[in-house]
Amino acid sequence: MNETLVYAVISLSAIGVISAIILYFVAQKFKVIEDPRIDIVADLLPGANCGGCGLAGCRAFAEEVVKREDLSKLNCPVSGTEATKQIAAAMGLEAPEKDPMIAVVRCNGSRVNAPQKVIYDSAASCSFAHALSAGESGCPNGCLGLGDCVVSCKFDAIYIDEITGLPVISDELCVACGTCVTACPRSIIELRLKGKKDRRIYISCINTEKGGPAKKNCSVACIGCGKCMKECPYEAITLVNNLAYIDFNKCRLCRKCEPVCPTGSILETNFPARKEKPGDTEKIPVSSEA
Amino acid sequence: MKTFKHGGVHPEENKLSAGAAIEILPVPEHVSIPVSQSLGAPSKVVVEKGASVKTGQLLAKGSAFISSNVHSSVSGKITRIDEVTDTSGYRRPAVIIEVIGDEWEEGIDRSPEIVSDIRLSREEIIQKLNEMGIVGLGGATFPSHVKLMIPEGKKAEYLLINGVECEPYLTSDHRLMLERGREMMIGVTILMKGLNVGKAWIGIERNKPDAIAHLENLCKEFPGIQVVPLKVKYPQGGEKQLIKAVTGREVPSGKLPVEVGCVVNNVGTALAVYEAVQKNKPLIERVVTVTGKSLKKPNNLLVRIGTPVNKLIEFAGGLPEDTGKVINGGPMMGKALSSLEVPVTKGTSGIVVMTQKESRRTSVINCIRCARCISVCPMGLEPVLLAQLSENQLFEEAEKEKILDCMECGSCHYTCPAGRPLLDYLRLGKNKVGVIIRNRGTK
C-alpha cells in the first residue's frame, strides 16, 4: 500500500520535472520579444477599437506607433491632444499639432425642406434604400434618414431627429473617428474642423444636379449659382458639378457667404445672432390703438 | 407533365387581361427615350438638340460588345438631351422628342403582309439584329445579337422559346402568341438559322390552352419547331428553369445556358427579330400589359418606347383613387415606380396597379426557422442565410454561398410566413457582391 503511494509520487514528480525542462527549452526557442512600449502606448489609448485611425484597433495602432516611431502621419482621433501628448512623451517623440475635427451632416433636406413624394417601406437600411431608389424626397444625393450612421457610431454621438428626419451629431460626444463617414452610402457626412467655440460654416448640400431639378426636390438645395464663391474674400469656396464647397482650411469664418445664398443652403453653427443693419430691420407696426 | 425540379411557388394568377386583344396606344405628344435600354455598356448619343428625327432613326449607338442601338420611336424634333427620372427615381440620360406627325424612316416595310422567305445569311442576321437594337424583351434586355454569337468551343443544339409568362397578371406574351403567332414562328425560324440549330422548343404553361393549340397548329408548317406544354409553376419563365423543364439539363452555377447547348429567347423577342430581319423595323415599340384589380379596363397595349407610363394608365381608365403602388413589371419581380412620368423602355413588360390594401407589406416578425424559403428556392439556395449575411454586411461570405445565382424571382419573399423582406436583402447583397467583384477586376 505504502509502496504504491511512493511509486506514484516519484513517477509523477519525474514527469513534472521532465515536462518542465522540455517547456523551458521550447519557451526559449519560440520566445516572442515584444517591445514593452507597445503595452505602454496601448494603455494610453481609449480602447474603443473604433477604427478611426484606419487600423484594425487600438493594439494595432500602438504597434504601428512603436514601429514607425513617428506620430506625424498617425492620428487617433478619439484620444484628443492631451492623450496624444502623453503618447508622444512615453515614446520620446514630439506631438504633432492637430486641430480637433467633427463629423458634419451636409444635408438639410428635412421633411419640410424636402417633402416626401413616395413611401419607402422596405428594409430600414440606408445602404439598401440607396441601392433601390432615389429616396422618399426624390433627391438622389440627400439623406435617407434610415440611420446607418447612428448604428455605426460607437460613441452614441448621433441620433435621428424625429421632426426633421435628419441625423444630429453631438458636439460633445463626437470624436471624429470617421466611421459614420464610411457608413453613409451617399457620403453626406464629412469630417470638418471643429472650429473655435464650435463655430463652423458649411454648405449643407451635396446634390450635384443642376439647379432646376435640385430645387424641385428640396427647397434648401445648393443650385450651383456661384454667388457665395464670388463673395468669399479668401478663395475658400469652389464650385464643381453645380455644387459649392467651402474648404475649411481656407475659411476664416467671416460669414459673408451665408446671407448671399439664395436657397439658404449655407449653414452656420454656434455663431452669435447677426446684428441687423438699420436698412434691413422690419419696421414694427405701431399700433394705433392705445 | 413537364416542369422544373427544385422549388417554385404558385401565386394567384390574376390574368385579368388575357381576353383583351392588343390595342395600339396613340402616339403621345412627347416621348423621352432613355439612352441606355439594355444590359451592358451605355450607348452613345449620335443626334443633337434641335434636330428633326423620323420614326426609326438611330438615336444612340451601342458602344461596346454588350451594348445596343436605340432608335427614335416617333417623328419630331429633339427638344432636349437631358437626364430624366427612371424607374428607381434616379436620373439617367435620355433624348426628349416633341412629336410632329408620324413620318417613318424610308426602308421600313409597314405593310401588314407577312414575309416568310428568309433571304439573309447567318452573319447578315446577326448584323441586322445589332443594327436594329433588338434586345431580349422578357425583362433582362440582353442584346439579342450577342446571344446568337456562340463563344468558340461551345455549340448550340437547341433553341428554346419562352412563352411561359409565369408572372401573375401579365398577358402580353400570351396575346402576342395568339395574334401574331405566324410572324413569331418566322422569327423563331430566323433565330434557328442565326444559331445554326435544327430544333426549337416553345415552352408554354398549361394555363394558356388557346395559345398552345394555335401554335401547335402552326408548327405543322414550320419544320423543327415544337410546342412543349408545361405545368403551371412560378418561376418557370426563368431561363435556367425553362431549360430544366424542357430538356432536363441543368445549367452549372455561374454559367450561361450555352454551356448545356441551349439558347433561350422570349416570344416577344422572336417577333421583334421577325420585324427587324423581314421588315427592316428597329425595336421602337412593344406590347405592355396594363392591369390591376381596381383598373377599369385592364388591357394589352402596343406602345411606342419612351411613352410616359401615365398615358398607358389613362388609356386603361385612369388611376383608381385607392392606388397604393404602381409596379413596373410583374408583381413578383417588378419594382414599384416612384413617378408616373417614367417612360416605357424596351424592358417594360407590364404595368400593374395595386390597391392600397394589396400593396401593404405584412408586419415583419423574427425568422421562425421553418425553411420554407429554402424549399421554394428554384436555384437551390438558402435565402434565409443569404439575407442574414447581407443584413450583417458579410458580403464576402454571401458570395461564397452563391448569392449571385439568385435570379430575384421573389419566391422566398412570397412564401415567408414571418413576412421578412428576404428579396430586398438578397438584392442588396447581389448589388454589393457585384461591386466587390468589379473592384477585384480593376485591381
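This is a predicted model: local features need pLDDT of at least 70, side-chain atom pairs count only at pLDDT 80 or more; totals for chains, interfaces and linings use all residues.
Chain A is divided into domain 1, spanning 36–91, and domain 2, spanning 101–269. The C-alpha centres of these two domains of chain A lie 31 Å apart. Contact between them involves six residues of domain 1 of chain A and seven residues of domain 2 of chain A. On the side contributed by domain 1 of chain A, four residues are nonpolar and two are polar, with no charged residues.

Within chain A, helix H2 (residues 36–44) and helix H4 (residues 80–91) form a packed pair, their axes coming within 10 Å and crossing at roughly 170 degrees. Because angles over 145 degrees count as roughly antiparallel, H2(A) is roughly antiparallel to H4(A). The crossing of H2(A) and H4(A) is right-handed. From H2(A), the contact draws on A:Arg37, A:Ile40, A:Val41 and A:Leu44, while H4(A) supplies A:Ala83, A:Gln86, A:Ile87, A:Ala90 and A:Met91. Seven residues of this contact are nonpolar, one is polar and one is charged.

Chain B is assigned four domains: domain 1 (27–99), domain 2 (122–279), domain 3 (285–359) and domain 4 (372–442). The centres of domain 1 of chain B and domain 2 of chain B, taken over C-alpha atoms, are separated by 27 Å. Here 11 residues of domain 1 of chain B are in contact with eight residues of domain 2 of chain B. The side of domain 1 of chain B that touches domain 2 of chain B has four nonpolar and seven polar residues, and no charged ones.

Attention now turns to a sheet in chain B. Four strands of chain B form an open sheet in the order E11-E10-E9-E12, with parallel pairing. Its edges are strand E11 (225–230) and strand E12 (262–266) of chain B, each of which pairs on one side only. From one strand to the next, the twist averages 25 degrees. Strand E9 (residues 158–162) of chain B and strand E10 (residues 199–205) of chain B are joined by five bridges in the parallel sense. In this pairing, B:Ile161 has B:Ile202 of E10(B) as its bridge partner. Helix H7 (residues 267–279) of chain B lies across E9 and E12 of chain B and runs at about 80 degrees to E12(B).

A helix pair of chain B can be followed in the same way. Helix H4 (residues 181–195) of chain B packs with helix H5 (residues 209–219) of chain B at an angle of about 55 degrees, the axes being 10 Å apart. This angle makes H4(B) oblique to H5(B). H4(B) passes H5(B) in a right-handed crossing. The contact is formed by B:Gly181, B:Arg182 and B:Met185 of H4(B) together with B:His214, B:Leu215 and B:Leu218 of H5(B). By class, three of these residues are nonpolar, two are polar and one is charged.

Note on methods: Residues are numbered from 1 along each chain as its sequence is written. Chains are lettered from A and ligands numbered from 1 in the order in which they are written. Axes are lines fitted to C-alpha atoms, for helices over the stretch in contact, and angles run from 0 to 180 degrees between N-to-C directions. Helices (H or I, at least four residues) and strands (E, at least two) are DSSP runs, numbered from the N terminus. Angles under 35 degrees count as roughly parallel, over 145 as roughly antiparallel, 65 to 115 as roughly perpendicular and the rest as oblique. A crossing is left-handed if the near helix is turned anticlockwise from the far one by less than a right angle, and right-handed if clockwise. Two residues are in contact if their C-beta atoms, placed from the backbone, lie within 7 Å. Ala, Val, Leu, Ile, Met, Phe, Trp, Tyr, Cys and Pro count as nonpolar, Asp, Glu, Lys and Arg as charged, and the others, Gly among them, as polar. Domain bounds come from an automatic or database domain assignment. Two strands pair if DSSP finds at least two bridges between them.
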